[in-house]
Amino acid sequence: MLADPNTPDDWINEGLAEFSALRISGDLFGKAFAEMRSGEYQQNARESQTPDAIAETQNSSPDREVNRYDKTTLLFLEAQRRFGQESLDRVFKALYTRFAETHNATRASFLEEVVKQMGKDAETFFREALYRKNEMSQTQGKNQ
């Protein structure tokens, strides 16, 4: 856990966990399985009940799970496609090193690490995606 789970920043915890599980399951069970799971994330995102952005989803939102797990995983998949797995992994490693013991990662600190590890273009991409209202599934559907 890197962020306080009682805040909207819990997407950091849940998104990283779900994205990591997807990558591992793809390695263990194959590309077809990972693509099937990605399709499920897209379906769930399309069916979300609210227009809440990932970074603004409250614990009480009916879309808490889809925004923090599914849409965030789709976001990380798109970032991996655009910027490369190695640069994304550098962000994850830096976040873990910095926040594993304190559990006080925030949107701002996430974006700060993105700038350090991936550059300003990646920070712009993440900022726009985290605050985009109900569009992550449409973006991913075009890129598959």
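Predicted model: local features only at pLDDT ≥ 70, side-chain atom pairs only at ≥ 80, totals over all residues.
**View 1. The packing of α3 against α4.** The two helices, α3 and α4, pack at an angle of about 125 degrees, and their axes are 7 Å apart. On the α3 side the contact is made by Phe 76, Ala 79, Gln 80 and Phe 83. On the α4 side Gln 85, Ser 87, Leu 88 and Phe 92 take part. By class, this contact of α3 with α4 has 5 nonpolar residues, 3 polar residues and no charged residues.

**View 2. Helix α3 along its length.** Helix α3 covers residues 64–83 and has 20 residues. From its first C-alpha to its last, α3 reaches 27 Å, close to the 28 Å expected at 1.5 Å a residue. A kink of about 25 degrees in α3 is centred on Lys 71. Gly 84 follows α3, and the phi of Gly 84 is positive, near 95 degrees.

**View 3. Helix α5 and the helices around it.** Helix α5 runs over residues 107–118. At 1.5 Å a residue, its 12 residues should span 16 Å, and the end C-alpha atoms are 16 Å apart, which agrees. The buried residues of α5 are Ser 109, Phe 110, Leu 111, Glu 113, Val 114 and Met 118. These buried residues pack against α1 (10–29), α3 (64–83), α4 (85–99) and α6 (120–131). After α5 comes Gly 119, with a positive phi near 105 degrees.

**View 4. Lys 93 of α4 and Glu 113 of α5.** Lys 93 lies in helix α4. With a relative accessible area of 63%, Lys 93 is exposed, whereas Glu 113 is among the buried residues of α5. Lys 93 and Glu 113 are 20 residues apart in sequence, and the distance between them in space is 9.8 Å, C-alpha to C-alpha.

View 5. Most residues other than glycine have a negative phi. His 103 is not a glycine, yet it has a positive phi of about 60 degrees. His 103 counts as partly exposed, at 33% relative accessibility. Asn 104 is partly exposed, with a relative accessible area of 46%. Leaving aside residues up to four places away in sequence, Asn 104 touches Leu 2 and Phe 99. The C-alpha atoms of Asn 104 and Ile 54 are separated by 18 Å, and these residues are 50 residues apart along the chain.

**View 6. The loop between α2 and α3.** Helix α2 covers residues 31–46. Two residues of the loop between α2 and α3 are Glu 56 and Ser 61. Glu 56 is partly exposed, with a relative accessible area of 33%. Glu 56 and Tyr 131 are 75 residues apart along the chain, and 7.2 Å separates their C-alpha atoms. Ser 61 has a relative accessible area of 10%; buried means under 20%, so Ser 61 is buried. Not counting residues up to four places away in sequence, Ser 61 touches Thr 50 and Asp 52.

Key:
Residues numbered from 1 in each chain as written. Heavy atoms only, no water. Helix = DSSP H or I, 4+ residues; strand = E, 2+ residues; numbered from the N terminus. Expected span 1.5 Å × (residues − 1). Buried < 20%, exposed > 50% of the residue type's maximum accessible area, 1.4 Å probe, protein only. Contact = heavy atoms within 4.5 Å. Axes fitted to C-alpha atoms, helices over the stretch in contact; angles between N-to-C directions. Nonpolar A, V, L, I, M, F, W, Y, C, P; charged D, E, K, R; others polar. Bend = angle between axes of the 7 residues up to and from the residue.
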